[in-house]
Amino acid sequence: MTAELPRLSRSVSPAATAPVRIVHLGLGAFHRSHQAWFTQHAGDAGEWGIASFTGRRPDAAEVLAAQDGLFTVVERSDSGDSFEVVGSIVEAVDGANVARLVELLAAPQTAVVTLTITEAAYGFAADDAALLRSAGQEPTTPLGRLVRGLAARRDADAGPLAVVSCDNLSDNGNVARNAVLNLAKEVDAGLTAWIEANVSFVSTSVDRITPRTTPEDVALVARECGYRDEAPVVAEPFRNWVLSGDFPAGRPRWEDAGAVFVDHIEPYENRKLWLLNGAHSILAYAGQLRGHTTVAEALADPVCSHAVEEFWDEASRHLAGDDLRIPEYRAALLERFGNSRIAHHLAQIAMDASTKLRMRAIPVLSAERESGRSGEGAARMIAVWASYVESNPGLQDPQSVAVAEANQLSGLERTAALMALLDSELARDSAVVELVHKLGREFAPRMQAVAAPGNPR
Ligand code: CS2
């Protein structure tokens with residue numbers, strides 16, 4: 001029955017093809033439910049097409065290219081689903097096609113580069129630095145490829161542009177700037193000067209819960225929409241985008257779609273990273289240790305929800321400003337997490353812990369200790385991770401070798417070695433290590449959890 005349906009395409013669902021003015025690196029579900037959705041809903045959407053490049057594998061580009069870049073956003077609320085075809089991605093490209101990236105970045109009409117490359121991809125990649133030095137070889141990481149493209153833009157004298165990081169990192173614009181400048185040095189000294197003068201790095205806080213798409217979602221879209229979409233994306237109704245920085249070559253009117261432009265982004269970033277993402281990380285490890293699979297299931301367990309509330313009380317003390325509306329934000333989060341129709345898998349959140357906890361637990365733990373308190377709520381986030389990796393040593397992590405080495409140790413030594421992957425100073429503080437260790441024992445593994453699947457982005 002499904003096989004007889006027409007495949008989604010621009011003839012099945014007529015959508016104008018806007019000219020490419022945005023290049024995206026990291027074509028995945030979140031990019032499609034967030035930046036592509038906001039671009040579609042900008043008042044001037046007709047002028048802004050996205051060319052979106054995959055990361056490590058070509059698959060997502062192949063599936064999307066076969067349907068002219070179109071895909072369905074399934075907006076899943078407590079009460080039901082609604083369906084919308086998004087057409088802002090006008091070109092879906094294999095990330096390994098660096099020649100196409102270079103061509104687009106050298107084009108003057110390209111004005112914005114957005115990134116969802118995962119938190120871990122902002123570290124320095126020595127291999128890529130070497131590839132950038134050699135003219136005949138192409139870099140393999142997203143930022144290496146971006147630097148190649150920026151060099152081409154300089155050579156073509158194609159003018160300034162904005163790079164917009166949409167990854168869950170605090171100060172992500174500056175982190176992106178530093179990472180790009182470090183790699184650009186490998187090409188030539190003139191490139192760093194050109195980037196400093198011509199490329200604006202915009203910081204953003206992004207938010208929309210986007211669980212992995214399942215075969216059931218694909219079947220649902222076929223049934224409800226009457227076409228075959230091999231790449232629908234499921235998302236909660238809530239979405240948020242806060243941006244801070246310049247767009248020297250222009251940008252879509254994302255504010256028409258609800259995006260907010262601010263001068264100082266840090267309080268918004270911290271509110272989202274600590275309250276939403278921090279709670280996610282607690283639920284990911286504590287929840288799986290206690291036998292749960294999804295965010296909604298874990299939150300319904302009083303042991304887990306208590307751990308979240310305690311962490312939120314600590315974090316909230318360091319979130320200043322009335323317009324942050326912390327009580328309302330917390331209440332809204334409980335509702336969003338409790339949406340049981342969204343099967344947001346804890347295993348999806350658990351990956352890349354060493355990068356995530358550095359952003360989600362450490363700032364709150366440090367701030368609490370500086371204020372003379374124990375920081376037990378934040379320490380528990382680290383403790384449940386430490387317990388989790390004891391029984392799941394294969395958890396994907398950019399520092400997996402160091403995690404495995406720490407796992408060879410035992411007791412306080414092991415806890416200190418894991419802490420050192422997050423913050424070397426706190427790892428030397430024996431009171432903190434003892435606290436984390438003690439809290440971890442309360443969540444000692446009771447079950448063998450399954451290995452985490454690959455990264456959905
Ligand atoms: C999650 C985020 O996987 C994770 O680490 O905490 O992907 C989270 O769902 C998004 O940031 C929500 O906007």
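Colleague: Where is T110 placed?

Modeller: This is a predicted model. T110 belongs to the loop that joins α4 (98–105) and β6 (112–115).

Colleague: Is T110 buried or exposed?

Modeller: A residue counts as buried when its relative accessible area is under 20%. T110 has a relative accessible area of 0%, so this residue is buried. Leaving out residues up to four places away in sequence, T110 touches V20, R21, V23, L104, L105, R153 and L161.

Colleague: How should I read the nonpolar interior?

Modeller: In soluble globular proteins, nonpolar side chains tend to be buried together. Here the largest nonpolar core has 102 residues, and L146, I195, F337 and W385 have the most contacts inside it. Helix α10 (residues 266–289) gives the largest share of this core, twelve residues. Domain 1 (2–263) and domain 2 (267–450) each contribute at least three residues to this core.

Colleague: Which residues is L146 in contact with, leaving aside its neighbours within four places in sequence?

Modeller: The partners of L146, with those neighbours set aside, are L25, L101, L105, V113, L115, V163 and V180. There is also a second, separate core of 32 residues, with A92, A162, V164 and A231 among them.

Colleague: How is the chain divided into domains?

Modeller: The domain assignment gives domain 1 (2–263) and domain 2 (267–450). Taken over C-alpha atoms, the centres of domain 1 and domain 2 are separated by 29 Å. The contact involves 26 residues from domain 1 and 24 residues from domain 2.

Colleague: Let us turn to the ligand. Which residues are around it?

Modeller: The residues around the ligand are N168, D207, R208, I209, K272, L276, N277, H280, H344, I349, K356 and R360. The largest share of this shell, four residues, comes from α10. Both α10 and α15 (353–360) supply at least two residues of the shell.

Colleague: Which polar side-chain atoms lie 2.9 Å from an oxygen atom of the ligand?

Modeller: One such atom belongs to N277, and another belongs to R360. In the side chain of N168, an N or O atom is 3.0 Å from an oxygen atom of the ligand.

Colleague: How much of the accessible area of the ligand does the protein cover?

Modeller: The general idea comes from interfaces. The size of an interface is often given as the accessible area lost when the parts come together. In this model, the ligand on its own has 340 Å² of accessible area, and the protein covers 91% of that area.

Conventions
Residues are numbered from 1 along each chain as its sequence is written. This is a predicted model: local features need pLDDT of at least 70, side-chain atom pairs count only at pLDDT 80 or more; totals for chains, interfaces and linings use all residues. Side-chain values use heavy atoms; hydrogens and water are left out. A nonpolar core is a set of buried Ala, Val, Leu, Ile, Met, Phe, Trp, Tyr and Cys residues joined through side-chain atoms within 4.5 Å. Buried means under 20% relative accessible area, exposed over 50%, partly exposed in between (1.4 Å probe, protein chains only). Domain bounds come from an automatic or database domain assignment. Contact means heavy atoms within 4.5 Å. A residue is near a molecule or strand if one of its heavy atoms lies within 4 Å of it. A polar contact is a pair of N or O atoms within 3.5 Å; within protein, one must be able to donate a hydrogen and the other to accept it, and residues adjacent in sequence count only if both atoms are side-chain atoms. Accessible areas come from the Shrake-Rupley method with a 1.4 Å probe; for residues, only the protein chains shown count as cover.
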